[in-house]
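Thank you for letting me take a few minutes of the meeting. I would like to walk through one structure slowly, so please keep it in view while I talk.

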Amino acid sequence: MSAHAAHPVYAFAGDRLLGKGPLAEALPAVHAAAAAGEGVLVFDAASGKVIDLDLRGSAADAVSRLPAAPEPEKRGPGRPKLGVTPREVTLLPRHWDWLASQPGGASVALRKLVEGAMRSAEGPGIARTAKDAAYRLMTTLAGDRPGYEEATRMLFAGDWTAFDAAIESWPADVRTAVTEMAEPAWRNGAGR
């Protein structure tokens, strides 16, 4: 099974959720709906972007045409088993002096600084990605619905109570999908 086949998705026919979860599992329902003449949209669960699928032939044919996982990147010099690659870093002399005085030397100190910065940015980054994904999905499925503009404002403001109120009149499957996609934003940003 390709990496794309295992990629999580939300699949819709109009306002009706056909399936969610791995693409290969949702594809038979998507294929059947498309064969019945329904307009289907499949959304990447991580980004909210619409995924284009070739649904010709049988559902098994469509699964077999999913792109394969990308080849792993070839490693050059450094410590390939650890994934270490040498790169050039330009710093001021006082920065080099400070790095040289750190336990383990410059490389260890830089790795620790980068890891710390990555951890501190993780929550806001996850929240921003979730908001963007939910925004894409709701724009496509509910951009013409009552409460859309208010829901958009509340999504980016992090006012989850007002967000829930703004989408209350939307079809249940659309509401559920948008809320599930936005959920990491309130887990990693403003609390719910």
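This is a predicted model: local features need pLDDT of at least 70, side-chain atom pairs count only at pLDDT 80 or more; totals for chains, interfaces and linings use all residues.

**A helix residue and a strand with two partners**

T152 has its place in helix 5, and because its relative accessible area is 14%, which is under 20%, T152 counts as buried. T152 is one of the buried residues of helix 5, which spans residues 148–157, and the others are Y148, A151, M154 and L155.

Now let us turn to strand 1, residues 8–13, where 5 of the 6 residues are buried, so that the strand is mostly covered. Which way do strand 1 and strand 2 run relative to each other, parallel or antiparallel? They run antiparallel, and 6 bridges join strand 1 to strand 2, which covers residues 16–22; as an example, the bridge partner of Y10 in strand 2 is K20. In the hairpin that these two strands form there are 2 residues between the strands, and G14 takes a positive phi near 65°.

Strand 1 also pairs with strand 3, residues 40–44, again in the antiparallel sense, over 5 bridges, and here A11 stands opposite V42 of strand 3.

Notes:
Residues are numbered from 1 along each chain as its sequence is written. Side-chain values use heavy atoms; hydrogens and water are left out. Buried means under 20% relative accessible area, exposed over 50%, partly exposed in between (1.4 Å probe, protein chains only). Helices (H or I, at least four residues) and strands (E, at least two) are DSSP runs, numbered from the N terminus. Two strands pair if DSSP finds at least two bridges between them.
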